[in-house]
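Visitor: Could you walk me through this one? I would like to start with the overall fold and then go into the details.

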Amino acid sequence: SIPQNFAEGMRRTGGDRAHLLTVALGSADEVRTIIDIAAAAGLIEQEDASHAEELADRVCAMLFRIRQRLV
């Protein structure tokens, strides 16, 4: 849902835009939690989890910066 909320948010104006970007950021945080759970359960290797967390962190940082520019 991250790309969908981002795309929808970028088409909105005002507080609605910032809200949808906040939702996208929340979804990105959920992905980080899922990665942590999968690693703890042994479903993915730690190296893969670390790489996935780095990517998720980058997405969160980008969304955060975009949202901050709109508020």
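Guide: The secondary structure of the chain comes to three helices and zero strands, where helices (H or I, at least four residues) and strands (E, at least two) are DSSP runs numbered from the N terminus. This is a predicted model, in which local features need pLDDT of at least 70 and side-chain atom pairs count only at pLDDT 80 or more, while totals for chains, interfaces and linings use all residues. Residues are numbered from 1 along each chain as its sequence is written, and side-chain values use heavy atoms, with hydrogens and water left out.

Visitor: What box do the C-alpha atoms fill?

Guide: Taken along the principal axes, the box is roughly 45 × 15 × 15 Å. Of the 71 residues in the chain, 24% are buried, buried meaning under 20% relative accessible area with a 1.4 Å probe, protein chains only.

Visitor: OK, and how do helix 2 and helix 3 pack?

Guide: Helix 2 (residues 14–40) and helix 3 (residues 46–70) pack at an angle of about 165 degrees with their axes 9 Å apart; the axes are lines fitted to C-alpha atoms over the stretch in contact, and angles run from 0 to 180 degrees between N-to-C directions. The two helices are therefore roughly antiparallel to each other, a label used for angles over 145 degrees.

Visitor: Which residue classes make up that contact?

Guide: By class, the contact of helix 2 with helix 3 has 17 nonpolar, two polar and seven charged residues. Here Ala, Val, Leu, Ile, Met, Phe, Trp, Tyr, Cys and Pro count as nonpolar, Asp, Glu, Lys and Arg as charged, and the others, Gly among them, as polar.

Visitor: Switching to the core, which residues are in the largest nonpolar one?

Guide: The largest nonpolar core has six residues, namely Ile2, Ala24, Leu25, Ala28, Cys60 and Leu63; such a core is a set of buried Ala, Val, Leu, Ile, Met, Phe, Trp, Tyr and Cys residues joined through side-chain atoms within 4.5 Å. Helix 2 gives the most to this core, with three residues.

Visitor: What does alanine 28 touch?

Guide: Leaving aside residues up to four places away in sequence, alanine 28 touches Ile2, Val59, Cys60 and Leu63, a contact being heavy atoms within 4.5 Å.

Visitor: And serine 27, buried or exposed?

Guide: Serine 27, which is found in helix 2, is buried, with a relative accessible area of 9%. Again not counting residues up to four places away in sequence, serine 27 touches Ser1, Ile2 and Asn5.

Terms used
Angles under 35 degrees count as roughly parallel, over 145 as roughly antiparallel, 65 to 115 as roughly perpendicular and the rest as oblique. Buried means under 20% relative accessible area, exposed over 50%, partly exposed in between (1.4 Å probe, protein chains only).
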